[in-house]
Amino acid sequence: MYESLSRDDRMLLVRFVCAFAWTDLEVTDKERRFVKRLVERLGLDGEDAEEVEEWLHIAPAPGSVDPKKVPAEHRRTFVEAVRAMIYADGSVDDEEREQFEKLRSALSG
């Protein structure tokens with residue numbers, strides 16, 4: 001599923017996932033583990049992995065997670081990864097659900 005993503009698209013995907021981890025203003029241990037597994041599956045290391053680690057401590061800037069930046073051919077991958085993130089900690093609050101629906105709507109256009 002991730003093989004066709006360029007390095008920039010992989011980083012964008014993780015940026016979206018991290019942004020959603022921050023939706024409820026707290027990144028849980030389960031969400032951190034999810035992101036770390038995703039980083040491994042995407043083959044990100046070195047400076048890329050360090051940047052992702054920073055996103056787990058400080059949320060990515062809102063403008064950096066613009067759905068318009070997601071390539072059309074990868075929209076489904078992004079939606080599925082974000083969906084998996086919001087379920088990673090075992091609970092989905094109303095804000096997470098609302099933000100996910102906004103993303104899904106923006107990427108389905």
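Predicted model: local features only at pLDDT ≥ 70, side-chain atom pairs only at ≥ 80, totals over all residues.
Ground rules first: local features need pLDDT of at least 70, side-chain atom pairs count only at pLDDT 80 or more, and totals for chains, interfaces and linings use all residues. Residues are numbered from 1 along each chain as its sequence is written, and side-chain values use heavy atoms, with hydrogens and water left out.

**Salt bridges.** I looked for a side-chain nitrogen of Lys or Arg within 4 Å of a carboxyl oxygen of Asp or Glu. That rule gives 7 salt bridges.

I started with Arg 7, which pairs with Asp 8 at 2.8 Å between the closest N and O atoms. Arg 7, Asp 8 and Asp 48 are linked in a network of salt bridges.

Glu 80 bridges to Arg 76 at 2.7 Å, and the two sit 4 residues apart in helix H4, about one turn. For exposure I used relative accessible area with a 1.4 Å probe, protein chains only: buried is under 20%, exposed over 50%, partly exposed in between. Arg 76 is exposed because its value is 66%, while Glu 80, at 26%, is partly exposed.

**Asp 89.** I found this one in the loop between helix H4 (75–88) and helix H5 (94–107). Asp 89 is buried yet has no salt bridge; Lys 30, the nearest side chain of opposite charge, is 7.5 Å away. What I did find is the backbone nitrogen of Ser 91, 3.1 Å from a polar atom of the Asp 89 side chain.

Technical notes
Lys, Arg positive; Asp, Glu negative; His and termini not counted. Polar contact = N/O pair within 3.5 Å; in protein donor to acceptor, adjacent residues only side chain to side chain.
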